[in-house]
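The points are grouped by topic.

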Amino acid sequence: MSQLKLPPYQKRKTSSTNRPTTLNVSGTVAVQGKKSPLGYGMQSPDECPSLPEGFLPLPCQVAGHAFHKGTDSLGLLKSVDDGSVLKPIAKLLAGQRELKFYQQIQQAATEQQRTELALLRELTPQYRGHRQLPIDGELIDFLQLEDLTQGMLEPCIMDVKIGRRSWDPTATEEKRRYEASKYVESREAYGFCIPGFQFYSLQAGRVQRYGKEYGKKLTEVTVKDAVRRFLNADAGGLCRQQLIQFLTDLWNIQKWARTQTSYRLYASSVLLVYDARRLKPVLLHGGRKSPRTPNPPTTPTTSAGVKGAGAGSSNPGSPVFCTNAINELGDVEPLQHYFQIQRSHSTNHNYEQDIKIMKENYTFMLDNLVGSYEEKIWAKARMIDFAHTFPVAPTEQPSVDRNYLEGIDSLVKLFEGLLQDCEIQNTPRQGVA
């Protein structure tokens, strides 16, 4: 499969390259079109390479190069047995470089060395080894990594490529010009770019995808708009729990970048993932409006044994909610989440709206029972893509990687700004009950 080694600027142009792109979990782009159970925009088994039993194309890859008909790329695979993501080591030098880097991280962590590499264990997907698989009669090497979206019911994924410079020291002049021509405005303003993202829109009730063509047009202003859109801020406002979970990881990545002096990272990304199914109840029970659902009442009523009539409501027959089982992360505990509806014979009550509320929260209760709601962390950031990571030359004076550090600093600052906006959003206005 020598064609797999072609860099993107040398790939053959086909009609499929003009179609919209979709995105997937470890950073690769698939063609958008009719939904296909095969993933990667493939409509029939003939369009997919022959895969060994127990492995399928990964159905949610974001940025990079996924397999679809008419291209020269082999995308990510998913292991049915353990849920691992398999990333092909297609380019001989770059792929082996990334494999070695993950092996070094694993070895340093196993030896419990407090080295710069050992610290990366908690900042990268878990490395699960590497293996060879027969693809169309040829053995292909794969990295086996943790799927960061494992257990998520509605995974949302954004790929953020860190650094103004994305080409490594071995790049040709043609490659350097090609890389410098992409994502110019966002890289100039922030030191990072967004090759693509996908999210479950709570407002629209469906998956929305934004590919590399969208990312290339982002400016200093619209980058922040894109991140807010990805976070579902348009649906119910910014969510403090979500931002804090992201920032916890981003601060740790920033801390590593501020202290490490041994490596130079080019074209490396930070992958942001969260579960929209977990976001919705947090927005609802955090006192903000969830899509198609009215703001839950918070002010006590005079009705005996009932909490929470609507703020400012004078109708004792309004729907009443009891939501007193919320833990420190804003999650509603399984089986303790319920709503009590008290009704009068008033003609003013909205029966259809009440039924809609009950259905949505019944769905949430079922998710609690069958989903992965025991996991308290539902938003995370991890460093990925190390094919262009180089150790500092022995003759070079040790120093921090400014290219990477400036990018991660900007990303942290953007999220800190969103957290500040969130605090302002949730601060009661003076004179408002």
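The protein has 10 helices and 16 strands; helices (H or I, at least four residues) and strands (E, at least two) are DSSP runs, numbered from the N terminus. The model is predicted: local features need pLDDT of at least 70, side-chain atom pairs count only at pLDDT 80 or more, and totals for chains, interfaces and linings use all residues. Residues are numbered from 1 along each chain as its sequence is written, and side-chain values use heavy atoms, with hydrogens and water left out.

**Overall picture**

- Of the 433 residues of the protein, 52% count as buried, where buried means under 20% relative accessible area, exposed over 50% and partly exposed in between (1.4 Å probe, protein chains only).
- Among contacts with a separation of 6 or more, 72% are made by residues 24 or more positions apart; contact means heavy atoms within 4.5 Å.

- Five strands form an open sheet in the order 3-4-5-7-6, with antiparallel pairing; two strands pair if DSSP finds at least two bridges between them.
- Strand 3 (55-57) and strand 6 (127-135) are at the edges with a single partner strand each, so one side of each has no neighbour in the sheet.
- On average, neighbouring strands of this sheet are turned by 35 degrees against each other, direction ignored.
- Within the sheet, strand 4 (residues 77-79) and strand 5 (residues 85-88) are joined by 2 bridges in the antiparallel sense.
- Lys-78 has Val-85 in strand 5 as its bridge partner.

- Strand 9 (residues 192-201) and strand 10 (residues 206-210) run antiparallel and are joined by 5 bridges.
- Gln-198 is opposite Arg-209 in strand 10.
- The hairpin has 4 residues between its strands, and Gly-205 takes a positive phi near 75 degrees there.

**Helix 5 against helix 10**

- The axes of helix 5 (residues 220-230) and helix 10 (residues 402-426) come within 11 Å and cross at roughly 65 degrees; axes are lines fitted to C-alpha atoms, for helices over the stretch in contact, and angles run from 0 to 180 degrees between N-to-C directions.
- On the helix 5 side, Val-223, Lys-224, Val-227 and Arg-228 meet Leu-414, Phe-415, Leu-418 and Asp-421 of helix 10.
- These contact residues divide into 5 nonpolar, no polar and 3 charged; Ala, Val, Leu, Ile, Met, Phe, Trp, Tyr, Cys and Pro count as nonpolar, Asp, Glu, Lys and Arg as charged, and the others, Gly among them, as polar.
- Val-227 lies in helix 5 and counts as buried because its relative accessibility is 2%.
- Leaving aside neighbours within four places in sequence, Val-227 is in contact with Met-158, Ile-194, Leu-414, Phe-415 and Leu-418.
- Val-227 and Phe-415 are 188 residues apart along the chain, and their C-alpha atoms are separated by 8.9 Å.

**Aromatic pairs**

- The whole structure contains 15 aromatic pairs; rings of Phe, Tyr and Trp (its six-membered ring) pair if their centres lie within 6.5 Å, with planes under 30 degrees apart counted as stacked, over 60 as edge-to-face and the rest as tilted.
- Phe-101 and Tyr-263 form an edge-to-face pair, because their ring centres are 5.5 Å apart and their planes are at 85 degrees.
- This pair links distant parts of the chain, with Phe-101 in helix 1 (residues 92-110) and Tyr-263 in strand 11 (residues 263-265), 162 residues apart.
- Phe-101 is buried at 3% relative accessibility, and Tyr-263 is buried with a relative accessible area of 12%.
- Phe-197 and Tyr-210 are stacked, at 4.8 Å centre to centre and 15 degrees between the planes.
- Phe-197 is in strand 9 and Tyr-210 in strand 10, 13 residues apart, and both are buried.
- Ring pairs link a cluster of Phe-197, Phe-199, Tyr-210, Tyr-214, Phe-230, Phe-246, Tyr-274 and Phe-415.

- Most residues other than glycine have a negative phi.
- Ala-267 has a positive phi near 55 degrees, lies in the loop between strand 11 and strand 12 (269-275), and is buried at 15% relative accessibility.
- Asp-385 has a positive phi of about 65 degrees, lies in the loop between strand 15 (379-384) and strand 16 (389-391), and is buried at 14% relative accessibility.
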